[in-house]
Structures are given as C-alpha cells and as structure tokens.
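Q: I am new to this structure. Could you walk me through how to read it?
A: Gladly. Take a look first, then ask.

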Amino acid sequence: MSRYAIGDLQGCFKSLQSLLAKIDFDRARDQLWLVGDLVNRGPGSLECLRFISGLGACATVVLGNHDLHLLAVAEGLAKVGKRDTIQPILAAPDREELLAWLRSQKLLHLDGNFLMVHAGLLPQWSLAQALELADEIEALLRGPRRQSFLKNMYGNEPNQWNDALTGKTRNRLVTTALTPMVFLAKNTTNETRFTRCSSPFQPESSGPRRGLTQGRRALRE
Ligand SMILES: [Mn+2]
C-alpha cells in the first residue's frame, strides 16, 4: 500500500488523471490524500468533484478555501468571482449530491504521525485543541446553521488567536487559519498574527509580514 498526497487540484482533472497514471494508482491497494481546493480556477472542477467523491474509502479529503467558497456560492451567500470556474458544478444535475458530499468532508485529518490541513495551524493551539476546533467547524458545515456559518466566514478579522474568542468571530478565525491562511508572522510586540490569501475571498489584509516565521508550505510538510 502506498499513500499519495496531492494538493490544490483546483479543477485540473486531466492533470490529476495523468498523475494517477504515472504513479500507477490502484484504488484497491493505495490511498490518496487530497489537501484541499479540489475545485476552482481550472477547467475541470465538476469532473474533479465527481471523480473524487466516487473514489470512496481510498480517498481522504480536507477542504480548502475554494471548496468552502463553492459551498457559499451554491447557497446564494457569495457571488461567483471573475476567475471562478465553479459554474458547471452549480448547473450540474447531480449538484446537490456533490455539494452534500463536499459538506461532509473534514478540515483537519490526523492519521498516526501525519496531519493534513489545507493551510495551517496556529502556534497557540495544541494538536488536541486544533482537532476540536476543526470538529466544531465540520459540525457547523453539516448542520442546520451552515448558511449562517458560510456567510460569516468571509473577512480578514480577527487575525490573531485569543482563547476568549467565541461564536462567529472564533469560527471565522479558525476557518481562516485552516483554509486560506498564507503567512504567520510576529509583529513588533511579539504577537503572532496571520494574513490570508486574497482569493476567492476579500482583498488581502495589510498585516505584518516582516519576521515571517512559518509559511503555508512549511506547515503542510
Ligand atoms: Mn487555498
């Protein structure tokens, strides 16, 4: 058995198929970990979603910001952006089935010594706390309050963890850290703050970048 991890498919269905052929991926024998952003930007978002949701137990997925954006757009809570290529999913006859599958995926996955997340974790969190926080967001996505959650997830603030945070503010921060966060940096008073990627959410904040301590790729590794 081999376990392969692939990040940011972003609708690149043909590239995925070439890659799986190259590694001689066998559903009965191998495991495929997909590190979020299955859809958007590339031309084959619908094909990617259908294929991955059909893989069953051999695929393990965590969600990325583009996947969450698709869920928000599908609920009418966000607009399709100029560069978005998710429209074929929204128009597909099986869209509800695909969106339900997407909503049931995790934001953080732990297996032995391996932890998979699309963006990163905040240094103030223990592993147990990170798993608990991700669980809370996953439950919101699956539950009756999902529209309220999806509407609330956009925005750049807060960009710093505080144990006293509650409710929507805390949910937005946790979702941002796990999905579109790009940089973690300490400011002049040694507080760790983070910035997020600029798309498909709102313009990037002008938060501090000097003293960069960890990048998203380093956190993924
Ligand atoms: Mn992303």
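Q: Which residue in S5 is the bridge partner of Asp111?
A: Phe114 is the partner of Asp111. Keep in mind that this is a predicted model.

Q: In what sense do strands S4 and S5 pair, and over how many bridges?
A: The sense is antiparallel, and there are 4 bridges. S4 covers residues 108-111, while S5 covers residues 114-117.

Q: How many residues lie between S4 and S5 in the hairpin?
A: There are 2 residues between them. Look at Gly112 in the turn: its phi is positive, at about 60°.

Q: How many helices and strands does the protein have?
A: It has 9 helices and 8 strands.

Q: How are two packed helices described?
A: Two numbers do it: the angle between the axes and the distance between the axes. Now the case here. Helix H6 (residues 127-142) packs with helix H8 (residues 167-178) at an angle of about 105°. Their axes are 10 Å apart. Angles of 65 to 115 degrees count as roughly perpendicular, so H6 and H8 are roughly perpendicular to each other.

Q: Which residues make the contact of H6 with H8?
A: From H6 come Leu133, Ala134, Ile137 and Leu140. H8 supplies Asn171, Val174, Thr175 and Leu178. By type, the contact has 6 nonpolar residues, 2 polar ones and no charged ones.

Q: Which residues touch the most other members of the largest nonpolar core?
A: They are Cys48, Leu49, Val62, Ala177 and Leu178. This core holds 48 residues. Across the protein's 221 residues, 35% are buried.

Q: Leaving aside neighbours within four places in sequence, what is Ala177 in contact with?
A: Its partners are Ala119, Gly120, Leu121, Leu122 and Phe194. For the protein as a whole, take the contacts with a separation of 6 or more: residues 24 or more positions apart account for 72% of them.

Q: Where is Glu191 found?
A: Glu191 sits in the loop between strand S6 (181-186) and strand S7 (192-196).

Q: Is Glu191 buried or exposed?
A: Count the C-beta neighbours inside 10 Å. A residue with 12 or fewer is exposed. Glu191 has 12, so Glu191 counts as exposed.

Q: Which residues does Glu191 touch, not counting those up to four places away in sequence?
A: Glu191 touches Gln160 and Lys186. Glu191 and Gln160 are 31 residues apart along the chain, yet their C-alpha atoms are separated by 8.0 Å.

Terms used:
Residues are numbered from 1 along each chain as its sequence is written. This is a predicted model: local features need pLDDT of at least 70, side-chain atom pairs count only at pLDDT 80 or more; totals for chains, interfaces and linings use all residues. Two strands pair if DSSP finds at least two bridges between them. A nonpolar core is a set of buried Ala, Val, Leu, Ile, Met, Phe, Trp, Tyr and Cys residues joined through C-beta atoms within 7 Å. A residue is buried if 20 or more other C-beta atoms lie within 10 Å of its own, exposed if 12 or fewer, and partly exposed in between; C-beta atoms are placed from the backbone. Two residues are in contact if their C-beta atoms, placed from the backbone, lie within 7 Å. Axes are lines fitted to C-alpha atoms, for helices over the stretch in contact, and angles run from 0 to 180 degrees between N-to-C directions. Angles under 35 degrees count as roughly parallel, over 145 as roughly antiparallel, 65 to 115 as roughly perpendicular and the rest as oblique. Ala, Val, Leu, Ile, Met, Phe, Trp, Tyr, Cys and Pro count as nonpolar, Asp, Glu, Lys and Arg as charged, and the others, Gly among them, as polar.
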